[in-house]
Structures are given as C-alpha cells and as structure tokens.
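Please have a look at the sequence and the structure while I talk.

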Amino acid sequence: MATIVQPSRAPEAVETTIDYLIPSSRINRRFWAPGREVNTGVYQPYPVTIRNARLAPKPFTLDEHGFCLSRQPSAVADFRDPVAVKAYPDEVAAVARALTGCDLVVPMGGQLRSPVISGAGIQPPAAEAHVDFNTATAHRIARGLYDKAVPGGPGFSRFIAFSLWRTFSPPPQDWPLALCEFGSVGEEDAVANVKVDVDEIPEGDALFAPIEGEEDMAAATIFHHNLAHRWWYFPDMTADEVIFIKFHDSDHGRAWRAPHTAFHDTSRPDAHIRESYEFRAIAFFSN
C-alpha cells in the first residue's frame with residue numbers, strides 16, 4: 001500500500017534520541033501492570049535522525065519496509081469508549097485483508113495509550129526501540145489462535161502478526177510513532193524481552209528473581225543501537241489514517257518485522273497531547 005502524500009508543515013527530519021538496550025544488559029523483562037510498565041533491561045538514549053516519511057522519495061510498503069500508512073476512516077466515534085470499540089475488530093480485519101491479501105484475520109485485542117492519562121485499560125506510550133513479539137512467541141500465538149478459530153481447518157501457509165495503529169488526537173502530535181526500515185536492522189541487533197503480567201510491579205531484587213516457566217512466556221524483541229538503522233515518522237496524522245506495522249511475517253523472503261517506538265517531538269511547539277489506539281491481530285493465508 002502506498003504512502004499517502006499530503007502537504008506537511010513538519011521539518012524534513014527531527015534530531016532526537018531513542019532508547020536502546022545497552023550491550024551489557026542481561027536480564028531483560030517487561031513487567032506489565034494496569035497503567036504502568038517497567039523494564040528490567042538497561043536502556044540508554046542514543047542520538048538518531050527521524051525523517052519525515054511524507055517527504056520520502058518512494059512509498060513505504062509492507063513487503064519492503066515492514067510498515068505502511070493507509071487512509072482508513074473508522075466508524076468508531078470515541079476510542080476511549082469500551083462499548084464503541086467493540087465493533088472495531090471487524091474494521092481491522094477488513095483493513096488487513098485489503099492491505100495484505102490474507103483471507104482470515106483473528107483478533108487479539110486493542111490498547112489505548114496516553115502519556116498523561118493513567119488507569120485501567122490505558123498504558124503509556126512505549127518509549128524504546130522494540131517489536132511486540134519475537135519469532136518463537138509469534139509462531140506460538142499464531143498456531144494457538146488459528147487452532148481455536150478454525151478447529152480442524154485446512155491450516156495456513158503464512159501468517160502476519162501485526163498492529164493497526166492510529167491516533168485520534170488532532171495534529172500535530174507531541175509523541176508520534178517512529179518506525180525503522182526492516183532492511184536497516186540486523187539480526188545481531190535483536191534481543192528477547194520477556195513480558196510478565198502482574199497486578200503490581202515488584203520492586204528491588206524481586207524484579208530480577210527467577211520466574212518459573214519464564215522460558216515459555218511471551219516475549220517481545222528489543223534492540224541494540226546501530227548507526228545503520230533508518231528511522232521515519234508520519235507527522236500530522238489524522239484520525240482517518242492508520243499505520244500497519246508488522247510484528248512478524250512468517251515469510252522471511254519479505255520484510256518481516258518493523259522496530260518502532262514513540263518519541264517526544266519537540267520541533268512542534270503547537271503539538272497536541274497524543275492519544276492513540278492500537279489493535280493487534282494475526283492475518284492468515286490459508287492452505
């Protein structure tokens with residue numbers, strides 16, 4: 001799907017920092033509690049250039065870059081309303097089929113994010129370079145969801161674990177989403193980050209204590225800094241636009257993941273507080 005071309009008042013690039021895992025970090029976990037996330041991994045801000053994707057010389061596509069922008073108006077009037085978003089999975093499925101050519105989409109769930117509002121069902125923006133799944137987690141989730149959704153089905157030849165991300169704050173946004181081109185990221189840059197769901201975040205040494213069954217827990221992928229990484233963002237997003245982000249494409253002959261992160265854009269003094277809604281799902285290509 002081609003990048004949407006529209007006038008941009010944003011600069012050609014933003015000089016900022018992105019948090020990356022430092023090479024010496026060894027126990028890497030993300031504890032996830034209602035309204036709060038804590039990483040045990042040790043991160044450090046590295047200077048990066050994030051380029052304006054609306055001014056890019058060619059379109060961003062899923063197969064080459066691992067992400068794309070698409071105009072997809074939603075019938076959801078208020079993404080803060082849990083009743084209103086109940087119909088959103090059907091919209092996500094329709095978008096995924098249109099953008100990927102898949103024939104089955106199995107939803108996982110949505111997440112509201114805000115840098116200033118906390119509470120049940122709301123998380124802060126994720127602020128380090130990451131992909132939400134690692135390879136083992138993506139395959140395990142895909143197989144489990146497919147078998148539950150289509151018991152005894154024909155199976156699938158390919159799947160894409162993805163997020164459909166949109167902001168419903170007016171442009172420009174103070175914490176836009178940055179995306180890294182697949183082709184600029186080496187496998188040697190990637191490290192697993194285990195997700196640990198808790199009611200309350202542990203403290204002190206308890207953060208690093210052994211966890212039974214940790215090897216079977218879901219894990220994201222986090223990254224070491226590499227000067228080769230090429231970062232982009234879509235400034236001035238509207239509520240009618242979505243970013244499709246690959247977490248994992250089982251076809252590794254294409255771009256199969258896209259690291260991403262929120263970043264604080266201080267280049268726009270008129271920026272509005274970003275609120276966003278992301279929805280995760282798996283797109284299947286049936287046998």
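This is a predicted model: local features need pLDDT of at least 70, side-chain atom pairs count only at pLDDT 80 or more; totals for chains, interfaces and linings use all residues.

The structure holds 0 disulfides, where a disulfide is counted as a pair of cysteine sulfur atoms within 2.5 Å. For anyone new to the word, a disulfide is a covalent bond between the sulfur atoms of two cysteines. Cys68, to take one cysteine, is in no disulfide, and the nearest cysteine sulfur, in Cys102, is 13 Å away. For Cys180 the closest cysteine sulfur is that of Cys68, and at 16 Å it is too far for a bond. Cys68 has 0% relative accessibility and so counts as buried, and Cys180, also at 0%, counts as buried too. Buried here means under 20% relative accessible area, exposed means over 50%, and partly exposed is what lies in between, with a 1.4 Å probe and protein chains only.

Residues are numbered from 1 along each chain as its sequence is written, and side-chain values use heavy atoms, with hydrogens and water left out.

Now the overall picture. The protein has 3 helices and 16 strands; these are DSSP runs numbered from the N terminus, with helices being H or I of at least four residues and strands being E of at least two. Its radius of gyration is 18 Å, which agrees with the value near 19 Å that a compact globule of 287 residues would have. That radius is taken over C-alpha atoms, and the globule rule is 2.2 Å times the number of residues to the power 0.38. Along the principal axes, the C-alpha atoms fill a box of roughly 50 × 45 × 40 Å. Of the 287 residues, 53% are buried. Among contacts with a separation of 6 or more, 85% join residues 24 or more positions apart, a contact being heavy atoms within 4.5 Å.

Let me turn to the aromatic rings. There are 18 aromatic pairs in the structure. Rings of Phe, Tyr and Trp (its six-membered ring) pair if their centres lie within 6.5 Å, and planes under 30 degrees apart count as stacked, over 60 as edge-to-face and the rest as tilted. Tyr20 and Tyr46 have ring centres 5.7 Å apart and planes at 85°, so this pair is edge-to-face. Because Tyr20 lies in strand S1 (residues 13-21) and Tyr46 in strand S4 (residues 43-52), the pair ties together parts that are 26 residues apart in sequence. Both Tyr20 and Tyr46 are buried. In a second pair, Phe60 and Trp232, the centres are 4.9 Å apart and the planes stand at 65°, so this one is edge-to-face as well. Phe60 sits in the loop between S4 and helix H1 (62-65), and Trp232 in strand S13 (residues 231-233), so the parts tied together are 172 residues apart in sequence. Phe60 and Trp232 are both buried. There is also one aromatic cluster, formed by Phe79, Tyr88, Phe168, Tyr277 and Phe279.

Which residue has its charged end over the ring of Phe285? It is Arg158, at 4.4 Å from the ring centre. A charge sits over a ring if NZ of Lys or CZ of Arg is within 6 Å of the ring centre and within 35 degrees of the ring normal.

Leaving aside neighbours within four places in sequence, the contacts of Gln111 include Trp32, Gly121 and Tyr277. At 15% relative accessibility, Gln111 counts as buried.

Beyond its neighbours within four places in sequence, Pro47 is in contact with Thr16, Thr17 and His225.

I will finish with two details of the backbone. The peptide bond from Pro171 to Pro172 is cis, with omega near -10°, and Pro172 is in the loop between strand S9 (156-167) and strand S10 (177-180). Asp236, a residue other than glycine, has a positive phi, near 55°, and its place is in the loop between S13 and strand S14 (241-249).
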